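Hi,

Here's the structure I promised to send over. Have a look at it first, and then read on for what turned up.

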Amino acid sequence: MAKKTGLYFGTFNPIHVGHLIIANHMVEFSDLDEVWFVVTPHNPHKKKKTLLEDHHRLAMVRIAVEEYPKLQASNVEFDLPQPNYTVNTLVHLEEKYPEKNFSLIMGEDNLKSLHKWKNYEVILERYSIYVYPRISEGNTPLHPSRGEKLPQIKIVDAPIIELSSTFIRKGIKAGKNIRPMLPAEVWTYLDEMNFYK
Ligand SMILES: Nc1ncnc2c1ncn2[C@@H]1O[C@H](COP(=O)(O)OP(=O)(O)OP(=O)(O)O)[C@@H](O)[C@H]1O
Ligand SMILES: O=C(O)c1ccc[n+]([C@@H]2O[C@H](COP(=O)([O-])O)[C@@H](O)[C@H]2O)c1
């Protein structure tokens, strides 16, 4: 049977232990066989201002997954038009890997705005979406508990880690020690490069 691949899209600016714990939880406790961290050059809903260069964000994801054989970094969006609409990336991935069985992984914060994504109906029609809880404001129009028929949205009971890349960037700028929030080698890379200072 085809391997089930979970696509974990994100800007990962930078990747932190919250991302890693979720991806690992998915491959260990759901029916996904592997997870790809798809590093997004430009999220259509975010400003590019505070973003590190794509190759640095990718390098940090690669370092973070090094010791996890079921986790991989993907730069598939680097050569696609920007901003990066997920539906376009999915078309590209289907062409490139016809043998794969792809699903999406996202935090509840992203599910809240999924109805604003380009062609979100197409995404919902074609893919399972593994959603894990994340504390955030606002309601979730596409949440399965709201009564809509959304069997493709699978709520996974993963641990909630209150951590964000924004918090980490601000902490570094303010001269705080945020070391435990990043995989050790990622922290070393970031610190040696003087990022976010
Ligand atoms: N602490 C966390 N626990 C679980 N999921 C997370 C966590 N942080 C981010 N995610 C999820 O990871 C994916 C990529 O997130 P992203 O790169 O935007 O991280 P972020 O920490 O939310 O970044 P930023 O603070 O810059 O917006 C999203 O689906 C998001 O919901
Ligand atoms: O396709 C869309 O319309 C769309 C709108 C907003 C966000 N996304 C994608 O969602 C992913 C999560 O982004 P982020 O910045 O929260 O890590 C990232 O890969 C974005 O390109 C996609």
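How many bridges join β4 to strand β5, and which way do the two run? There are four bridges between them, and β4 and β5 (residues 129-132) run parallel. Before going further, bear in mind that this is a predicted model.

β4 also pairs with another strand. Five bridges link β4 (residues 101-107) to strand β1 (residues 4-10), again in a parallel arrangement.

Now for Asn75. You'll find Asn75 in the loop that runs between β3 (71-74) and α3 (86-96). Leaving out neighbours within four places in sequence, Asn75 is in contact with Val39 and Leu58. As for Val35, which is 40 residues away from Asn75 along the chain, the two C-alpha atoms are 14 Å apart.

Last, ligand 2. There are 15 residues around ligand 2, and those that come nearest are Phe9, Gly10, Thr40, Asn43 and Trp117. β1 and α3 each contribute at least two residues to this shell. By type, the shell around ligand 2 has eight polar residues, five nonpolar and two charged.

Cheers

Notes. Residues are numbered from 1 along each chain as its sequence is written. Chains are lettered from A and ligands numbered from 1 in the order in which they are written. This is a predicted model: local features need pLDDT of at least 70, side-chain atom pairs count only at pLDDT 80 or more; totals for chains, interfaces and linings use all residues. Two strands pair if DSSP finds at least two bridges between them. Two residues are in contact if their C-beta atoms, placed from the backbone, lie within 7 Å. A residue is near a molecule or strand if its C-beta atom, placed from the backbone, lies within 6 Å of it. Ala, Val, Leu, Ile, Met, Phe, Trp, Tyr, Cys and Pro count as nonpolar, Asp, Glu, Lys and Arg as charged, and the others, Gly among them, as polar.
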